[in-house]
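Work through these exercises with the model open beside you. Try each task before you read its solution.

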Amino acid sequence: MPVVVATVRTKPGRREDVLAAFRRHTPAVHAEPGCLLYAVHSGEDRVTVIENWADQASLDAHSAGPALEAIDAEIAEALAAPVDVAVLQPVPAGEPGKDRLPQT
């Protein structure tokens, strides 16, 4: 089950614009087949999305889908740098149950 960590660096004063776009389109992402987790977090100069997908096919469909396309179009002018997207697999370490997202 792929885990995605996407970090969006925002231009000064544009973080709220980016968050608004995610608020508008996250319900559509949550409705996509295979979406186990799509959680938006923010810091001073960034927005980070933690995603968990049932399988690679679900992630591929999301990556080519209308919700992500809409988000990308809305946030393009607010980016301080290209979006950093990492697709990861869980690595068991430490205490079981505390070492990974619940769905992985």
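**Exercise 1. Find the buried residues of α3 and say how they are arranged.**

Step 1. Ala 67, Leu 68, Ile 71 and Ile 75 are the buried residues of α3. The model is a predicted one.

Step 2. Look down the axis of α3. The buried residues fall within an arc of 95°, so they line one face of the helix.

Step 3. Turn to the other side of α3. Pro 66, Glu 69 and Ala 73 are exposed there.

Step 4. Now look for the cover. β1, α1, β2 and α2 are included in what covers the buried residues of α3.

**Exercise 2. Decide whether His 25 is buried or exposed, and list its contacts beyond four places in sequence.**

Step 1. Locate His 25 in helix α1.

Step 2. Apply the cut-off: buried means under 20% relative accessible area. His 25 has 16% relative accessibility, so His 25 counts as buried.

Step 3. Set aside the neighbours within four places in sequence. His 25 is then in contact with Ala 67, Ala 70, Ile 71 and Glu 74. Two of these names, Ala 67 and Ile 71, are also on the list of buried residues of α3.

**Exercise 3. Repeat the analysis for helix α2: which residues are buried, and what covers them?**

Step 1. Helix α2 spans residues 56–63, and its buried residues are Ser 58, Leu 59 and His 62.

Step 2. Seen down the axis of α2, these residues fall within an arc of 100°, so they line one face of the helix.

Step 3. The cover of these buried residues includes the strands β1 (3–9), β2 (35–43), β3 (46–53) and β4 (84–88). The helices α1 (15–30) and α3 (66–75) are also part of that cover.

Step 4. Check the start of α2. A side-chain oxygen of Asp 55 comes to within 3.3 Å of the backbone nitrogen of Ala 57.

**Exercise 4. Describe the surroundings of His 62.**

Step 1. His 62 lies in helix α2. Its relative accessible area is 1%, so His 62 is buried.

Step 2. Look for a side-chain partner. A polar contact of 2.8 Å links the side chains of His 62 and Glu 32.

Step 3. List the contacts, leaving aside neighbours within four places in sequence. They are Val 29, Glu 32, Tyr 38, Glu 51, Trp 53 and Leu 68.

**Exercise 5. Characterise the largest pocket by volume and by lining.**

Step 1. The volume of the largest pocket is about 210 Å³.

Step 2. Its lining has 17 residues. Nearest the centre lie Ala 6, Glu 51, His 62, Leu 68 and Val 85.

Step 3. Sort the lining by class. There are 13 nonpolar, two polar and two charged residues.

Step 4. Sort by element. β1, β3, α2, α3 and β4 each supply at least two lining residues. α3 gives the most, with four.

Definitions and conventions: Residues numbered from 1 in each chain as written. Predicted model: local features only at pLDDT ≥ 70, side-chain atom pairs only at ≥ 80, totals over all residues. Heavy atoms only, no water. Buried < 20%, exposed > 50% of the residue type's maximum accessible area, 1.4 Å probe, protein only. Arc of directions from axis to C-beta. Contact = heavy atoms within 4.5 Å. Polar contact = N/O pair within 3.5 Å; in protein donor to acceptor, adjacent residues only side chain to side chain. 1 Å grid on protein atoms, 1.4 Å probe; cavity = no way out; pocket = protein on both sides within 12 Å on 5 of 7 lines; lining within 4 Å. Points joined across faces, edges and corners; volume = space filled by probe spheres on them. Nonpolar A, V, L, I, M, F, W, Y, C, P; charged D, E, K, R; others polar.
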